[in-house]
Each structure stands twice: as C-alpha cells, then as structure tokens.
Amino acid sequence: MSVRILALVGSLRAGSHNRQLAEAAVKLAPAGVEIELYEGLAEVPFYNEDIDVEGGVPATAVKLREAAAAADAFLLFSPEYNGTIPAVLKNAIDWLSRPYGSGAFGGKPVAVVGTAFGQYGGVWAQDEARKAVGIAGGKVIEDIKLSIPGSLTRFAETHPSDDAEVAAQLTDVVARLHSNVGAAV
C-alpha cells in the first residue's frame, strides 16, 4: 500500500524556490510513497464562514479538502514573508481546519520545511505554520525541520534536487514523515 503525502507550497511565484524544493521531494520520494504537489491554492478564496456552508462551498475549496482527505500525511513548504507565514498557506490551513472538530488534518502527520533568502531559512514562518496546523488538528512532527537559508544565491543556478546536501536532507524528511504515518497520536 502506497502512502500519500499532500505537499502544499506557500509561494505562488513561478520560479519559487519552495516550489522547486517540493518538486525535489516528489522526485526523491522512495518507493511506496506518493507525494502530490497540490496545484490551485491561488484559486481558493480567503476563508469565510459565510461561504463555508452546505451547498455554498466554492469548488476550489472542495477540491482542496478532497485532496487533503485522501492524504495520509502533509508536507508544507513555507517561505517567510515579512517574518511570518504566507497568506496562501495560512488560507489553505484555515480551509482544511473546517468543519470544526473534523477538518482534513484530523491527527495526520505534518512536517513543515522550506527555504528563504535570509540567514535562517524562514524558521519564523515555519514555526508559525507548525503552530497553525497543529491548532487545525494536524499531528505536527516537531523534530522534522529543514530550513535552508540563502535561497536566492544557493538555488540561483542549481535546482534543489541537484544539490546533494539538500537532496539528502529532503529524502530524510520524507522518510521520517512516512515513518510517522499510522503511528499512535
């Protein structure tokens, strides 16, 4: 049986290094692990309880929830915007936290990683993402961390999957997340 990991990327930019990091994770996933790089976060409207009602939920939010429901675990890729989590990633977490008490995260393992231009690789944003997804019901695996600093220079001419150190670290992240699927909460 294959384990399904849903990857959510907090950057919408075409040349996003976090998207490239997610692509590398997909490429490096071991046998028995399928990583789905979710497309369409830009189309999901900002969370609003007035539209999160039976018969009124936007199709893009329904699609996100269906993809999350089918996942065994989550891998979030967060850059750092002004010292915190990007709005698009927070919005996805908000949609997946509902309906209250039975959201799509539902005790499933979650790891948060990423890269940013600064010297700390986006750790503040990643910590905020861990906090939000934990409150939303995810089982955050706190000891799985990967914050890659200096993204603009490090990945200027090298895709993360071609960086041996990053590839090894990402492979370890995915293996450790995989090992938490089905583990007691």
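Five strands make an open sheet, ordered 2-1-3-4-5, with parallel pairing. Strands pair when DSSP finds at least two bridges between them. The edges are strand 2 (33-37) and strand 5 (139-148), each pairing on one side only. From one strand to the next, the twist averages 20 degrees. The model is predicted: local features need pLDDT of at least 70, side-chain atom pairs count only at pLDDT 80 or more, and totals for chains, interfaces and linings use all residues. Residues are numbered from 1 along each chain as its sequence is written, and side-chain values use heavy atoms, with hydrogens and water left out. Helices (H or I, at least four residues) and strands (E, at least two) are DSSP runs, numbered from the N terminus.

**Strand 3 in the sheet**

- Five of the five residues of strand 3 (residues 73-77) are buried, so the strand is largely enclosed by the rest of the structure. Buried means under 20% relative accessible area, exposed over 50%, and partly exposed in between (1.4 Å probe, protein chains only).
- A73, L75 and F77 point one way from strand 3, while F74 and L76 point the other way; all are buried.
- Strand 3 runs parallel to strand 1 (residues 3-9), joined by five bridges. Here L8 stands opposite L76, and A7 has L75 as its bridge partner.
- Four bridges pair strand 3 with strand 4 (residues 109-115), again in the parallel sense. L75 stands opposite A111, and L76 has V112 as its bridge partner.
- The chain passes from strand 3 through helix 3 to strand 4 in a right-handed β-α-β crossover. Right-handed means that, with the strands pointing away from the viewer, the path from the first strand over the helix to the second runs clockwise.

**Strand 1 and strand 2**

- Six of the seven residues of strand 1 are buried, leaving the strand mostly covered.
- Strand 1 and strand 2 run parallel, joined by five bridges. L6 has E36 of strand 2 as its bridge partner.
- A right-handed β-α-β unit is built from strand 1, helix 1 (residues 17-28) and strand 2.

**Helix packing**

- Two packed helices are described by the angle and the distance between their axes.
- Helix 2 (residues 59-69) and helix 3 (residues 87-96) have axes that come within 10 Å and cross at roughly 75 degrees. Axes are lines fitted to C-alpha atoms, for helices over the stretch in contact, and angles run from 0 to 180 degrees between N-to-C directions.
- Helix 2 and helix 3 are therefore roughly perpendicular. Under 35 degrees counts as roughly parallel, over 145 as roughly antiparallel, 65 to 115 as roughly perpendicular, and the rest as oblique.
- A61, L64, R65 and A68 of helix 2 make the contact (heavy atoms within 4.5 Å) with A92, W95 and L96 of helix 3.
- Helix 4 (residues 123-135) lies across strand 4 and strand 5, at about 165 degrees to strand 5.

**Backbone exceptions**

- Most residues other than glycine have a negative phi, and most peptide bonds are trans.
- N82 is not a glycine, yet has a positive phi of about 55 degrees. N82 sits in the loop between strand 3 and helix 3. N82 is exposed, with a relative accessible area of 84%.
- The R98 to P99 peptide bond is cis, with omega near 0 degrees. P99 belongs to the loop between helix 3 and strand 4.
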